[in-house]
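Here is a quick tour for anyone meeting this structure for the first time. Have a look around before reading on.

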Amino acid sequence: MNRIKKHISRVIVSFLILSTGVVHNASAQNVSVSAEMDSTVIFIGGQIDLKLQLSQPDNIDLSFPLLTDTITKNIEIVKAGQLDTLNRDNGRYLIEQSFRITSFDSGLHYIPPIVFEEVSQKLGKAIQTEPMALMVFNPFDEVDPQKGIVDIKQPMQAPFHLSELYKYLPWVLGIILLAGIVTFIILRYFGKEVPVKIFAKPAPVIPPHVKALEALDKIKQEKLWQHNRIKEYYSGVSDTLRHYIEERFEIRAMEQTTDEIMNSFKGIDFRDGKSIDNLRQILITSDLVKFAKHEPLPDENDLSMINAFFFVNQTKLEEIKSLEEEKEAMLNKENEVLNVSNSSEQ
Amino acid sequence: MEQSVDIKAINERIKEESSFVDLLTMEMNKVIVGQKHLVEGLLIGLLSDGHILLEGVPGLAKTLAINTLATIVDAKFSRIQFTPDLLPADLLGTMIYSQKKEEFIVKQGPIFTNFVLADEINRAPAKVQSALLEAMQERQVTIGETTYPLEEPFLVMATQNPIEQEGTYPLPEAQVDRFMLKLVLDYPKKDEEQMIIRHNLAKTFPKASTILKPEDIIRARQVVKDVYMDEKIEKYIVDITFATRYPEQYGLEKFKDMISYGASPRASISLSMASKAYAFIKRRGYVIPEDVRAICHDVLRHRIGLSYEAEANNITSEEIISEILNQVEVP
């Protein structure tokens, strides 16, 4: 209560002062200046306009006050407007400038007279506006250190009601209806052409060793080293093996160097140590051919290919066939035997 | 067949010429305990005519390492402590008036030496940094109207302290790019530190012997240039550099917004040169992908600009390089 009373008394005092200061004129030899505020009471951080006006004859040289950041230490200028000069018919000027001001300190702030300096010294005294006052209210409770400082309150959670979604219901129904119509049109007119792959048989997965053996076979058939394309031959063999290692052992062999690949195999148990030795021989020879222009002997080239086949065959994952597949394979075999015996009898 | 013979000859020559590497490393190891990476980096810089930026906390034997190297190579060495009030003339030299001769004479600065240790380079203002970096690039200094070539071999090892960044002048990207390698030093291991204590408490501190002449280094540099680099390795280097610029083309979309700028063509050149030097150190006459990968972090870590997003997500250039190496196909 005391606080409110204090505020009210402050407002009354400020209004008493401003009853003379809302519009202040200082005139001398037909020169008049005025300062006018939109309001004399603001909340802390609130903004109001302060308008300065100067009316003068054109033979007197008066300079408009240069206000940049602040009016007083408590009142800041947020934005300064442009000087607006109006030329009157009777040989007089009316110059105006507006300032958007604010304050972040609560209380009653005194605005001293704003001085307009006269350059020509004809008037013999300074021209200034009347003093004013601005009352700044703090609407928030002051922090009482004795009660302790508390955290900022979290935003309040607005309760959710299903009824809030009702307004979107026509839109949702409309979109569903539209989608239904579009689907109907597509199925009605293009239905036969739209391929339905839901029940299609997935493409068979080729095991990595099958791919690798096929690729090695292809390289062998191309007879690359026999045609002096040794680098291509070894690049093909090593790339095939690295692709195989990547798929079979899930080692990123394509992005690894020979040493790194060999290190990756350290934790893997092979049936025999020869496979890994063969791989090392191929990769090292490939590196020498690829990066050091090494030209291996024909026997070495053949050996590398044999070792590559050996590595893949020794490390491949044995396929476990399903019972039906086993049955089908056996039937096929029996049929083949029968066909052969029939043809021999004939 | 003739090409094959050439490689064999290069291999033999390199095996012969690189015999000093073991001796040099041995001498270095007499004085420097641990810090193998630093010693290797110094050798790569020396052999590939590149400069080195070192980052590490004080007391990790940076000065001792370059001083020892200077002793081993019988070269001149100077240490310049970069401070905020250092002037380019303090580094390069200036013209002073000789009353005796009644004329201006040139007083050459400490840069006129073989090995320079620019200590805490980021403490000096940009004008001094750029004076040093220009001299590093041009290998010459102009004082007054005369241009003076710098001594050969010329190796600058600049240090940066990763802590105490207040009041420093971080090197601009364009200037950092002029360092071939950026080595990051770490603390020694427990047993190494124990050995360091013993070395320092002994009555006589181990001393390295002079085993080389600067001319030997210049000759070795020529041999390093002869190390064979196959077209496949060149493509691999280009792929790595391009992956820093356009990570999305190499399946690294996640880094697209993390990298503000990638490595420059100078990085590709440095990567090639440093790979050759590394192959030479390993006494090989040809470069293999292992060589490129071994020096890739040191060459690229200071050449990748990280965006604000990367910094906010604590992504470092080290991580980006490692990912690139894991993603780019090895030939």
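## What you're looking at

This is a predicted model, where local features need pLDDT of at least 70, side-chain atom pairs count only at pLDDT 80 or more, and totals for chains, interfaces and linings use all residues. Residues are numbered from 1 along each chain as its sequence is written, while chains are lettered from A and ligands numbered from 1 in the order in which they are written.

For the complex, the predictor gives an ipTM of 0.77 and a pTM of 0.64.

## Chain B

Two residues are in contact if their C-beta atoms, placed from the backbone, lie within 7 Å. Where pLDDT is low, the predicted coordinates should not be read in detail.

Chain B holds 14 helices and 11 strands. These are DSSP runs (helices: H or I, at least four residues; strands: E, at least two), numbered from the N terminus. Of the 331 residues in chain B, 41% are buried, meaning that 20 or more other C-beta atoms, placed from the backbone, lie within 10 Å of the residue's own.

## Chain A

Chain A comes with 8 helices and 12 strands, and 19% of its 346 residues are buried. An unreviewed UniProt entry annotates residues 168-191 of chain A as "transmembrane region"; such annotations may be inferred rather than shown by experiment. In the model, that span is 92% helix and 0% strand, and its end C-alpha atoms lie 32 Å apart.

## A closer look at helix 4

Buried residues in helix 4 of chain A include A:Tyr233, A:Val237 and A:Leu241. Among the elements covering them are helix 3 (208-222) and helix 7 (298-315) of chain A. Just after helix 4, A:Glu250 takes a positive phi of about 55°.

## Where the chains meet

The contact takes 13 residues from chain A and 20 residues from chain B. On the chain A side, helix 6 (residues 273-292) gives the most, with 4 residues.

Terms used. Buried ≥ 20, exposed ≤ 12 C-beta atoms within 10 Å, placed from the backbone.
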